[in-house]
Amino acid sequence: MTSALSEQTVAGFVEEWRRAEEDGDPAALEKLLADDFVGVGPRGFLRSRAQWIARYSSGTVRNASFRLSDARVRTYGPTAVVVAAQTQESVNGDADASGAFRFTLVVVRGAGGQVRLAGVHVSPNAAPAAG
């Protein structure tokens, strides 16, 4: 078995992750996130794997929808970088967390062959630059 990731494998994995986020499924995220996962939020804050999962296990974050579009996958052997547009209808505590964002995902195939999400960087989706 090759350790290289195919675009098809990455696309399937990203869809599985998207469903886990939309459903707020901590058990699924436990399986999908790498042990050393790091998430960077839209305001620059960092979350460890445990903190990312705790948003859902605590019930703090709840998603009515979590959609990805315009996904662009680039593979580099056992690593892939995915840039995608993302929209969500969500609440974080009592605050509306709905919005449009850009995600950069780092997907890796580990030594055991499992595909995992090593990192995510979230940015607000700015309007296109003029000119």
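This is a predicted model: local features need pLDDT of at least 70, side-chain atom pairs count only at pLDDT 80 or more; totals for chains, interfaces and linings use all residues.
Colleague: Which residues does Ser3 contact, leaving aside its neighbours within four places in sequence?

Modeller: Gly77, Pro78 and Arg109.

Colleague: Why is the pair of Trp17 and Phe66 called edge-to-face?

Modeller: A pair of aromatic rings is described by the distance of the centres and the angle of the planes. For Trp17 and Phe66 the centres are 5.7 Å apart, and the planes stand at 85°. Rings pair if their centres lie within 6.5 Å, and planes over 60 degrees apart count as edge-to-face. Both conditions hold, so the pair is edge-to-face.

Colleague: What does that pair tie together?

Modeller: Trp17 lies in helix α1 and Phe66 in strand β3, so the pair ties together parts that are 49 residues apart in sequence.

Colleague: What makes Phe66 and Phe103 a pair, and of which kind?

Modeller: Their ring centres are 5.9 Å apart and their planes are at 75°. Phe66 belongs to strand β3 and Phe103 to strand β6, so parts 37 residues apart in sequence are tied together. Ring pairs link Trp17, Phe66 and Phe103 into a cluster. The structure holds 4 aromatic pairs.

Colleague: Where does the largest nonpolar core draw its residues from?

Modeller: That core has 25 residues, and Trp17 and Phe103 are among those with the most contacts inside it. At least two residues come from each of α1, α2, β1, α3, β3, β4, β6 and β7. α1 gives the most, with 5 residues. Beyond its neighbours within four places in sequence, Phe103 is in contact with residues including Trp17, Phe66, Val82 and Val120.

Colleague: How do you know that the length of α1 agrees with what a helix should span?

Modeller: At 1.5 Å a residue, the 17 residues of α1 should span 24 Å, and the end C-alpha atoms are 24 Å apart, which agrees. Just after α1, Gly24 takes a positive phi of about 60°.

Colleague: Why do you say that the buried residues of α3 line one face?

Modeller: The buried residues are Arg49, Trp52, Ile53, Arg55 and Tyr56. Seen down the helix axis, they fall within an arc of 140°, so they line one face of α3. The face turned away from this buried side carries the exposed residues Ala50 and Ser57. The buried residues pack against α1, α2, β1, β2, β3 and β7. α3 is followed by Gly59, with a positive phi near 85°.

Colleague: What makes you place Arg55 over the face of Trp52?

Modeller: Arg55 is at 4.0 Å from the ring centre. The distance limit for a charge over a ring is 6 Å, so on distance Arg55 qualifies, and it is listed as lying over the face of Trp52.

Conventions. Residues are numbered from 1 along each chain as its sequence is written. Side-chain values use heavy atoms; hydrogens and water are left out. Buried means under 20% relative accessible area, exposed over 50%, partly exposed in between (1.4 Å probe, protein chains only). Helices (H or I, at least four residues) and strands (E, at least two) are DSSP runs, numbered from the N terminus. The arc is that of the directions from the helix axis to the C-beta atoms. Contact means heavy atoms within 4.5 Å. The expected span of a helix is 1.5 Å times one less than its number of residues. A nonpolar core is a set of buried Ala, Val, Leu, Ile, Met, Phe, Trp, Tyr and Cys residues joined through side-chain atoms within 4.5 Å. Rings of Phe, Tyr and Trp (its six-membered ring) pair if their centres lie within 6.5 Å; planes under 30 degrees apart count as stacked, over 60 as edge-to-face and the rest as tilted. A charge sits over a ring if NZ of Lys or CZ of Arg is within 6 Å of the ring centre and within 35 degrees of the ring normal.
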